Amino acid sequence: MAELDIGRHCQVEHCRQRDFLPFVCDGCSGVFCLEHRSRESHGCPEVTVINEKLKTDKHKSYPCSFKDCAERELVAVICPYCEKNFCLRHRHQSNHECKKLEIPRPRMAATQKLVKDIIDSKTGQTTSKRRKGAKNTETAAKVTLMKLKMHADGDKSLPQVFLPKGSKEKSKPMFFCHRWSIGKVIDFAASLASLKNDNNKLTAKKLRLCHITSGEALPLDHTLETWMAKKESSLYNGGSVILEYLNDEEQFCKNVESYLE
């Protein structure tokens, strides 16, 4: 009578037990007995790979590329211009001295001209008279500049800020570095005035810095220096700006005259 070959030997070297109902590992496809059926008990290579990957990912962080900065972030913060990684404090181009930082060219020139013409027609002033008025305003601002600095918060450079409608204070004198981006100015001003700042949330209303005359929301990636250098802009050292909450589709602050009343 022929001998039946039933079952298979356990593949663990020190075991080799013959099991009539062997177990096949779904990780390494090896054959094992009841005692060594689990991945841990037979030292399955897949378990080792998974553990090493988890151990590596757990401690992964991203160092800041800015000189002498030792900060690290759990997520990558890549500058879209120089494509280097930075911490949150150095994420703006002006903060990490980005080699590709350029003074942006004026955008929306046609829209700006249209807004300027509308304002001129409503006030009944010609362009020449308006520029003369702007110069007088600029001179008056220089006279009051020292008084503002006695009570102002922040670095010494630009404007008095009219706060959003509904705030406890109507306005607050503040000064900022003219090399800062508009986005950084907004963050700094919101902190000084204790304003809610949800600019990092997708669906919330955003704090925007608006032109005191036209109400135009200044682009977040521009610098204050860019707007102060424009001849057609009335933004100058000692002047004022408006800080207001706007929806994503809104590009202008309405009723700018109400802030000056």
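Where is the place of glutamate 83? Hi everyone, let's start there. Glutamate 83 sits in the loop between β6 (72-73) and α2 (109-123). Helices here are DSSP runs of H or I with at least four residues, strands are runs of E with at least two, and both are numbered from the N terminus.

A word on the model: it is predicted, so local features need pLDDT of at least 70 and side-chain atom pairs count only at pLDDT 80 or more, while totals for chains, interfaces and linings use all residues. Residues are numbered from 1 along each chain as its sequence is written, and side-chain values use heavy atoms, with hydrogens and water left out.

Glutamate 83 is not a glycine, yet its phi is positive, about 60°. Its relative accessibility is 62%, so glutamate 83 counts as exposed. For that word, exposed is over 50% relative accessible area, buried is under 20%, and partly exposed is in between, using a 1.4 Å probe and protein chains only. Asparagine 255 also has a positive phi, near 55°, and is found in the loop between β10 and α6 (257-260).

Now, please look at helix α4, residues 182-192. Buried there are Ile182, Gly183, Val185, Ile186, Ala189 and Ala190. They are on the same side of α4, because they cover an arc of only 160° around the axis, taken from the directions from the helix axis to the C-beta atoms. The cover over these buried residues includes β9 (206-211), α5 (224-228) and β10 (240-246). Just after α4, serine 194 has a positive phi of about 55°.

That brings us to the inside. A nonpolar core is a set of buried Ala, Val, Leu, Ile, Met, Phe, Trp, Tyr and Cys residues joined through side-chain atoms within 4.5 Å. The largest one has 21 residues, and those with the most contacts inside it are Val161, Met174, Phe176, Leu195, Leu209 and Leu243. At least two residues of this core come from each of α4, β9, α5 and β10, with α4 giving the largest share, 5 residues. Another core lies apart from it, with 9 residues, including Ile242 and Tyr259.

One last stop: valine 161. Leaving aside residues up to four places away in sequence, valine 161 touches Ser171, Lys172, Met174, Phe176, Val241 and Leu243, where contact means heavy atoms within 4.5 Å.
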